[in-house]
Amino acid sequence: MLSAQDLALLQKTLGRDLTDVEVACFENLWSEHCSYRSTKPLLKTLPTEGDEVLLGPGDDAAIVRFSDTCALAIGMESHNHPSYVDPYEGAATGVGGIVRDILSMGARPIALMDPLYFGPLDTEKNRYLFEQVVAGVADYGNCIGVPVVRGELVFDHSYSGNPLVNVVCVGIVDPDRYITARVKRPGSHLVLLGSSTGRDGLGGASFASRDLAGDTEAASRPSVQVGDPYTEKLLIDAILEMAETGKLLSCRDLGAAGLAGASSEMASTFGAVIHADQVHLRETGMVPREIMLAESQERMLVEVAPEDVALVGRIAEKYDLGWSDVGEVISEPRYIVKFHGEVVADLPIDLLVGGAPLCSWEKKPYSAETPFSRPEGAVKDLALAVLSHPDVARKDWVYEQYDRDVQLRTVSVQNDAAVLRLEDKALVFSCGCNPRHIYLKPFEGTANAVIESASNLACLGADPLCLVNCLNFASPEHPEVNWQLEQCVLGLGDAARRMAIPVVGGNVSLYNESDEFGTQIKPTPSLGMVGRGDVRQWTAPAKGELLALIGTTEPDFGGSVLDAVTGCGGHAPAVADPAVLAVVRDLVREGRVTSATDLSLGGLLAALVKVAPQSDVTLTGDALEELFSETYGRFLVAAKDEAALVGVEHRIIGRVGGDALTLRLKGEIIVITPEELETALSSTTRQMRF
């Protein structure tokens, strides 16, 4: 995977040929996955600072102040290619990796979110991938005792052959005692803790930086790591106990590029000597290249003073974990690897860690919107088709596999956002994006993804604290994809600045394509957002309460669920005005509305089914526009009387109650019974169970 140009540049810079260990180090650390060669200048345009940001992008995770006595460690990662080759292990180790990123900051992991993207479920392979990915996430999260409190599911043909598994983890730490991942002083030792090193995951970083074209699953399987959640749980407890001693100078998770990646990035403030022969191994006959680059899971690297090596060793042994004193920090800015006394790598550390030349690809705008063609068929049939679409249908089959109450902080996981109790406040979670909208309008769609996540928090009365992202795209070597990437990042930054939400971390995953299915993914800048507010649960409205619509509806059908089920086309939504979020947030905080939900996937119809599935609603406009448009910046609220909405521009559309969902439209009345709703909304669950 090291290109001829890179190899020639390195030989010229070093004035010699490279050893096999050095080639492997550059192959992985100069990969797109590790070095962001195609995106680094773009990522620098994002707003990363804020009043509560204690540590922004650049470490294993960001640190954001929640209160005077509590800070959040937050990160987001993808594990896309491994999850196609081995969906169970790929998803499980994706969870394990992001949890260790949080742990490396000295933080206790308390919650996970998992935005997931798959091909249509009418294909057996896609159903298998869906089933195994969910099982991998569930088993790992449940075993380590970290609840998956929020997620998103999107199904689209473009993900066939290349599903996306994105995971957010949030942890808690004393704001004055978090740990960072850069070594602090020469003379200290580097201690490897956790599982023994095997050959699993070799070349994982370079594997994540290429498309799956031409790769058979068997050929790629050695690049997939194998997880052990029981060891991870022991590692969590051990690292937190070590952190309590105050003796850990720095700490880093062994993820992409294994020990070579962790130790070189960790030591980049000075330099390091690594003794590869001192690493505790699970396989015999391993050569230095394998030892340094294997991505065996459940391993951490810590920096301690020489006199504290024995202390961390005793704590590791208390939790039945292996450990090795594998290196020293040196003042000379070099990265040296020795094996039984022989130097097998000797490199300028800045060249290895930060010297990858940037890639500049051609950009070409495109226009994918098509004119709206009014779909044929009865409105009721269209409504049931929209509600049956797996993006809208209930996610019970997934959620029932997750233990969402472990750690006893979870207050609510219903509807718009998850709520966890943290000290005397609520920590509120939202995640996801709408790839179909983003494909049609990359800038506007990504900006709306930010607004929609913040809208979910507003429905629980919470203010956004920060967001993280996974920028998932096809190959940037396609000019149209490179343009998508640029527009999405610019849209993300624009909305984040307008709403004063710092972007504190994330991940870039490129080359998401599949020769097997002939697909390249739609642009998927998946977001994870957390906010702070008072503790409250989402509450269903009582019989007799009024239903009101806040915000203006436009004929935005392009990329909608209606478009997905009928191919109707149309314009995708313009960027919403985020000012309405503050209005709704205040209504919730002041108790003037019983419940609120934003309008997104499935439009007003899906919102009605969520808030008041038995109600009587009158809509005077065009039936399709009223029910199925997916204009952002709109909310459905329920209130006891209209006086609660004084001063807020709104439209009363109905009242809660009755035996069914009754829709009084122009020229017709549609009644959707509870049985019909249940059949539609349980479509995914029934398909996966039977």
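Before I list elements: helices here are DSSP runs of H or I with at least four residues, and strands are E runs of at least two, numbered from the N terminus. I'm working from a predicted model.

**Pocket.** I looked up the second largest pocket, which holds about 1,100 Å³ of space. I find 42 residues lining it, with Val 392, Ala 393, Lys 395, Asn 415 and Lys 610 nearest its centre. By type, the lining splits into 20 nonpolar, 13 charged and nine polar residues.

**Cysteines.** I went looking for disulfides and got zero. For Cys 70, the nearest cysteine sulfur belongs to Cys 466, 12 Å away. Cys 70 is buried, at 6% relative accessibility. Cys 431 has its closest cysteine sulfur in Cys 433, but 9.7 Å is too far for a bond. Cys 431 is buried as well, at 4%.

**Aromatics.** My count is nine aromatic pairs. I picked out Phe 130 and Phe 155, an edge-to-face pair with centres 5.2 Å apart and planes at 85 degrees. Phe 130 sits in helix H7 (residues 124-144) and Phe 155 in strand E5, so the pair ties together parts 25 residues apart in sequence. I checked burial too: Phe 130 comes out at 0% relative accessibility, and Phe 155 at 4%, also buried.

**Charges over rings.** I noted the charged end of Lys 522 over the ring of Tyr 439, 5.5 Å from its centre. Arg 532 puts its charged end over the ring of Phe 66, at 5.9 Å from the centre.

How values were computed: Residues numbered from 1 in each chain as written. Predicted model: local features only at pLDDT ≥ 70, side-chain atom pairs only at ≥ 80, totals over all residues. Heavy atoms only, no water. 1 Å grid on protein atoms, 1.4 Å probe; cavity = no way out; pocket = protein on both sides within 12 Å on 5 of 7 lines; lining within 4 Å. Points joined across faces, edges and corners; volume = space filled by probe spheres on them. Nonpolar A, V, L, I, M, F, W, Y, C, P; charged D, E, K, R; others polar. Disulfide = S-S within 2.5 Å. Buried < 20%, exposed > 50% of the residue type's maximum accessible area, 1.4 Å probe, protein only. Phe/Tyr/Trp six-rings, centres within 6.5 Å; stacked < 30°, edge-to-face > 60°. Lys NZ or Arg CZ within 6 Å of the ring centre and 35° of its normal.
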